[in-house]
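Hi,

Here is the model we talked about, with the sequence alongside.

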Amino acid sequence: MRTDHEYIKLLIGSAQRGRKNSFIDLCEINVKKIYTMAVRILVDLDKAKEVTVNTSLAAWENIKFVRPDTPFDIWMKGIALFNIFTIIREQASKSESSSENLKPITPNTAIHSKNKLELLIMSLPDKERLIFILYSIEGYTYQEVSDFLPEFSVGEIKFVVRETRKKLIEALKDEL
Amino acid sequence: MNCDEIRSKIDDYFDGLLNPDESGSVRQHIEFCPECKSKLKLLQSLSEELKGLPLEFEPPKSVIKEITDALLYGKREEELEKKAKEKKEDSLKKQKRKDSASGRGKKSKDDRNIGKGDSEFKMLYAGSIAIIFALIYYFTFITGNTGPWNINSQRAAYKVNGITSTAKSVDAGDTFEVPGKDSVKLVIPDIGSIILSNSASIKIDETSKSNNQVTLKSGRFSFTLQKEEANMHIKYSGTSIMAARNNFVCEVDPNGYLTISSQTGTTVIKRNSEILNLAADYLCKLSPDGSIGIPYHNSASNKLKSALSEYEANIQNYEALTVILVEANSSDALTLLRLIKRSAPANREMIYQKLYLFFPPPLDVTRLSILNLNEEAFIKWWKEIEWQL
């Protein structure tokens, strides 16, 4: 299992003893990972920023609970996902129909990427994109994704991943 | 297994989710079936592309600033409180609208006018209350007097204006002396007290609530100030010591040096434009001419203290600086910070690095701003250190 670099461990220890500067150093190392994950899932730069800041502050409040056997970035991503799900649920409760159905998102023109695959992922329907990112990019298992999204069974999640793969392979067949 | 069966299982095969038997069958088929083999290859290529996706979304610079502001200066809490307040107001408004829509809260035109009259009356009422409070504040705190100060003595003799006295109080303009070693307490109503001992002599300059001022001449003084708005100013050779809600001791030695020892809270020492915020547990010496010495922690070693006085006497004394840097530990942070200001440009870097080891500065405080003696940067760094001490 992957563990943190000695320097990261040093910063964590220092942050756990109350040194805020060390924690800010940890944030500087990890914000890009958190922000990128949030941009990919939410396709909204403002919300991604909000998630990144809220995640860092929640991580500071809970810094004492970081376990030595869990890499710090994975731990932080867990908190980020909690914040992302909160936003998704808030959005879903605002537009009643969006929680059940997979529907295309409105492309956010403010987000630019030179990577075709990145753009294709971001143009996937909301839930499809969320499930695919969690499984195929973030490396969570089917069971873990289903735990995050209890409205989907493991079978349904497998189906979504398989169909998304097909779509992406079809769109990229000349480049793969 | 035929191709259709294989393709229905190819994703699970790729993800390693099949049992060994099924996995073996799929592997066997793929070896001899170019179409299924190419399907698997595409899955592998997609997976590699996904693994290689760069972290290309750069978070805005304000992200780290917001985190820093929230952690170090508590700005986020203020923002959240503001948001919560706005949310509460919104929900109240919504509730009102809901009430009026449901008919329960329907008001006639007359009712609304009555409401308007009500709010005008409330504003007038609040305004009058504010004026009354302002007047009370003005008369009691601005024009009010703390004098005369009560003299509280068990057995010690004391002098008022040079004459041995049995008076029970002193006021502005009086000189008060305690010739012996016994102590006498001066009680300042609503503000606190001063205990004088060891041949202490003090001149009381002013006793108003907006400004209580004394001039120290000799002896030992222990100040206990209970209020934030104590407005106590202590003068010594043109240097001002300002304190509020703290305890500190001042002692003038026979050579005319005044040692200030801050026990709780911060004591502000000001001479012209130079300001030193003497934190709790720190001591500082004022020269007979009132100039402010380098502060040191009450746990500082004698070696450190003597190196500090040597360095103060000659800031080119490299050996003394070396002793200071070797001896200093994290509790000497204020000493090191002050030393940077006092030192020649060539020596500042070493002291900066030593202090950095104990307390790295906040992100918005750069090394250069400290080496160039930027006052704002010093204040920010000290704020960051102070709460950790």
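Keep in mind that this is a predicted model. I started where the chains meet: helix H8 (residues 154-172) of chain A and helix H3 (residues 34-51) of chain B have axes that come within 10 Å and cross at roughly 90°. Angles of 65 to 115 degrees count as roughly perpendicular, so that is how H8(A) and H3(B) lie to each other. On the H8(A) side the contact is made by Arg165(A), Leu168(A) and Ile169(A), and H3(B) brings Leu42(B), Leu43(B) and Leu46(B). Sorted by class, that gives 5 nonpolar residues, 1 charged and no polar ones.

Zooming out to the whole contact, 30 residues come from chain A and 27 from chain B. On chain B's side, the elements giving two or more residues are H3 and helix H4 (62-73), with H4(B) giving the most, at 8 residues. The chain B side divides into 18 nonpolar, 6 charged and 3 polar residues.

Now for the strands of chain B, where E7 (residues 192-208) keeps turning up:

- Strand E5 (residues 175-178) of chain B runs antiparallel to E7(B), joined by 4 bridges; Thr175(B) has Lys203(B) as its bridge partner there.
- Strand E6 (residues 184-188) of chain B also pairs antiparallel with E7(B), over 5 bridges, and Ile188(B) partners Gly192(B). Their hairpin has 3 residues between the strands, and Asp190(B) takes a positive phi near 70° in it.
- Strand E8 (residues 211-225) of chain B is antiparallel to E7(B), with 13 bridges. Leu196(B) has Phe221(B) as its bridge partner in E8(B), and a hairpin joins E7(B) to E8(B) through 2 residues.

Cheers

Technical notes. Residues numbered from 1 in each chain as written. Chains lettered and ligands numbered in written order. Predicted model: local features only at pLDDT ≥ 70, side-chain atom pairs only at ≥ 80, totals over all residues. Axes fitted to C-alpha atoms, helices over the stretch in contact; angles between N-to-C directions. Parallel < 35°, antiparallel > 145°, perpendicular 65-115°, else oblique. Contact = placed C-beta atoms within 7 Å. Nonpolar A, V, L, I, M, F, W, Y, C, P; charged D, E, K, R; others polar. Pairing = 2+ DSSP bridges.
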